[in-house]
Amino acid sequence: MTALVLTLALVGCRPDSEPTAADTAPEVTERVSPAPAPVVLPVVEPVQPPAPTVVTPVTYEEAEAAWNERDYVRATELFTRYIDQKPENPWGHYMLGLSARKAGELEIAELAFRETLMLDDTHVKSWQNLARTLLDGGRSDDALSVLIEADSLSPENGINHRLRGRALHQAGELISAADAYREAILINESDAWAINNLALVLVDDKRYEQALTALAQAVSIAPDNATFQNNLGMALELRGFFRAAELAYGRAVDLNIDYERAQSNLDRVVAVEGIDPSEISIETLAQAFIDEVNTWRDEYVARELGPAPELTDVDS
């Protein structure tokens, strides 16, 4: 009986076959995926078309008023808008050039003057102000070319000679620059700017005494010009007349309280002690310059007419 029981136990423990995948697979339970979240679309407002830009017309008088008020930035803006409306008006381009140059916008100024000349190439002032603009940008050669055109239209115009003097001075040609300024002065003896500019050439050439007489005359013609007073002070200082220079610099500052260079010059000479070696008379110095101009005139006439013919006896 015992043997029979053991036999049956062994038979029951021996597998009939290899285990199947179904027998060994883990129990699978059904999983329910959560429902996807609803997609919420953004609310899009309807796009409104941009409102039309309303451009207010600019009149010439409005732009000119800004120029007269010395608001050169505003004048540049207004004249730019004006020529968009009236591109055929040369005066709009010309005034834009003047305004832009004063505002320091040299490229705009140059283009405006050239556009003026495209519309009217006989306008001498446009040639002259184009030359000034080029000189402001340090383009002396270009300015000289422009002044040839101005001379062809108005050969006796002293401003052309004065501007040529500026261009030649800028190019370092002191002798030619001085000659150009003298020609301008012979055409107009009251051209204080030509006289002042001639003096600056003479200072660069270290001819201080002649520069002093020229600046005395410039101040006599235009006593309220702060630049001339400052330059007179400079010439006096270079000649050693520090007290007279102090007075001239002081006048320049009184005329233009924001004139920093004149104030700096005044501060410098005030610190110099001592009295001037002699008394200075601005009137006497100015008269010396007038006398010199008369000699230029005599020399010019003699050069143009040539030597006087010799007189010979005629046997009648």
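On a 1 Å grid laid over the protein atoms alone, a pocket is an open set of points where a 1.4 Å probe fits, with protein on both sides within 12 Å along at least five of seven lines, and its lining residues are those with an atom within 4 Å of a point. The model here is predicted, so to speak of local features a pLDDT of at least 70 is needed, while side-chain atom pairs count only at pLDDT 80 or more and totals for chains, interfaces and linings use all residues. Residues are numbered from 1 along each chain as its sequence is written, and side-chain values use heavy atoms, with hydrogens and water left out.

The largest pocket holds about 890 Å³ of space, a volume being the space filled by probe spheres set on grid points that are joined across faces, edges and corners. Its lining takes in 28 residues, and Arg 101, Arg 132, Arg 166, Trp 193 and Asn 197 sit nearest the centre. Two or more lining residues come from each of α5 (90-102), α7 (124-136), α9 (158-170), α11 (192-204), α13 (226-238) and α15 (260-270); helices are DSSP runs (H or I, at least four residues) numbered from the N terminus. The largest share, five residues, belongs to α9. By type, the lining splits into eleven nonpolar, nine polar and eight charged residues, where Ala, Val, Leu, Ile, Met, Phe, Trp, Tyr, Cys and Pro count as nonpolar, Asp, Glu, Lys and Arg as charged, and the others, Gly among them, as polar.

Turning to how the helices pack, α5 and α7 have their axes 11 Å apart at an angle of about 25° (axes are lines fitted to C-alpha atoms over the stretch in contact, with angles from 0 to 180 degrees between N-to-C directions). That makes α5 roughly parallel to α7, a label for angles under 35 degrees, whereas those over 145 count as roughly antiparallel. Tyr 94, Leu 98 and Arg 101 are what α5 brings to the contact, and α7 answers with Lys 125, Ser 126, Asn 129, Arg 132, Thr 133 and Asp 136; contact means heavy atoms within 4.5 Å.

Definitions and conventions
Angles under 35 degrees count as roughly parallel, over 145 as roughly antiparallel, 65 to 115 as roughly perpendicular and the rest as oblique.
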